[in-house]
Amino acid sequence: MSSPDFSTDPHRRLNPLTREWVLVSPHRSQRPWQGQVETAAAPVELEYDPACYLCPGNARAGGVTNPAYAGTFVFTNDFAALKPETPDWAINEESLFVATSEAGQCRVICFSPRHDLTLARMDVADIGRVVRAWTEQYVELGALPGIRSVQIFENRGAMMGCSNPHPHGQVWANQTLPTELAKEVLSQGEYYRAHGATLLGDYLRLELRKAERIVCANHHFVALVPFWAVWPFEVLVVSRRAVSGLDQLTAEEQAGLAAILKQITVRYDQLFRTSFPYTMGFHQRPTDGAEHPSFHLHAHFYPPLLRSATVKKFMVGYEMLGMPQRDITPEAAAGMLRDALPA
Ligand code: H2U
Ligand code: ZN
């Protein structure tokens, strides 16, 4: 066996959180593109949009009027995918028709009353208020009987299916563990039992030593392009201290999280010279009452843009039928994000 050359040889990398593989084909980033070209999102200029259903004082699609809120604002999703009063049932016909009812709640969190802001354009103190709102929602929804997981996320940009440029995110809380969280609970649990430390804590220590994929860091959080990244400029944000949820962060760590979120989103906007689209969200311990010391709080950023603001990655062909694949290596992407801002 010869020694690996990550920058030229096609190879597979393992994601230890999900136990899924990604095919890395570094040489392919040179290929020409004559396919669909997206238009880069222009920044929103209006501080208040009378037609926006999230701006303070405006009527929402469901008919309710928003209060004249000044900070963050949380409301129950008017078109919730999950509802608390769902009747309880399960079917299983010969293991081929299997279904169970699913109860839960969905909420929307406005990050700011200002229609024209994004996390990248907000100041760190205001992002800190968003971190506290996320924490309150995790605690409040997680404490409800029958709620075993709380998923906090943000869809940013029309390309990611975001319905409105007003800065906002969502929380879905439900009875069972969604697929991605279930995979991470399993692998982190097994790792913890075998090694007596969290998987992401050990991984972070190695990444800091290698210093190849780190994008930015502060005293409490590190942002890096994971070794197993699938999306072109995917970023993983990991807490330096092994905590299992936002509720275990100290006030200083909350501020550290707010600061690193600003760092990442500003780098994205700088590198692509656009209001950068992504889906981001937190993975936290299930809220089933168990302690889950194996679970290490983190956030994933999944941006669809490839190379430029106008070329988007599609998960098609081999990726739908076989496995995910990437062209630009995580090492190269991390370097570009690092260089997007002066050190
Ligand atoms: P995005 O985060 O993907 O943009 O979705 C916004 C959510 O806001 C979406 O789930 C909800 C939609 O159901 N919504 C309301 O609850 N009330 C409204 O008036 C419009 C949108
Ligand atoms: Zn608005």
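The legends below describe close-up views of a zinc site and a ligand site in a predicted model. Local features need pLDDT of at least 70 and side-chain atom pairs count only at pLDDT 80 or more, while totals for chains, interfaces and linings use all residues. Residues are numbered from 1 along each chain as its sequence is written, and side-chain values use heavy atoms, without hydrogens and water.

**View 1. Donors of the zinc ion (ligand 2).** Cys-52 (SG), Cys-55 (SG), His-115 (ND1) and His-166 (ND1) lie 2.0 to 2.4 Å from the zinc ion; donors are N, O and S atoms within 2.8 Å of the metal (3.2 Å for Na, K and Ca). The site is tetrahedral, with angles of 101 to 114° among its 4 donor atoms (four donors count as tetrahedral if all angles lie between 85 and 135 degrees).

**View 2. The histidine donors of the zinc ion (ligand 2).** The donor spacing in sequence is C-x2-C-x59-H-x50-H. His-115 sits in the loop between strand S6 (104-110) and helix H1 (124-142), and His-166, 51 residues apart from it, in the loop between strand S7 (149-156) and strand S8 (168-174); helices (H or I, at least four residues) and strands (E, at least two) are DSSP runs. His-115 is buried at 3% relative accessible area, and His-166 is buried at 0% (buried means under 20%, with a 1.4 Å probe and protein chains only).

View 3. Oxygen atoms of ligand 1 lie 2.5 Å from a backbone N or O atom of Ala-61, 2.7 Å from a side-chain N or O atom of Asn-77 and 3.2 Å from one of Asn-155.

Definitions and conventions:
Chains are lettered from A and ligands numbered from 1 in the order in which they are written. Four donors count as tetrahedral if all angles lie between 85 and 135 degrees; four count as square planar and six as octahedral if opposite donors are over 155 degrees apart and all others between 65 and 115; anything else is irregular. Buried means under 20% relative accessible area, exposed over 50%, partly exposed in between (1.4 Å probe, protein chains only). A polar contact is a pair of N or O atoms within 3.5 Å; within protein, one must be able to donate a hydrogen and the other to accept it, and residues adjacent in sequence count only if both atoms are side-chain atoms.
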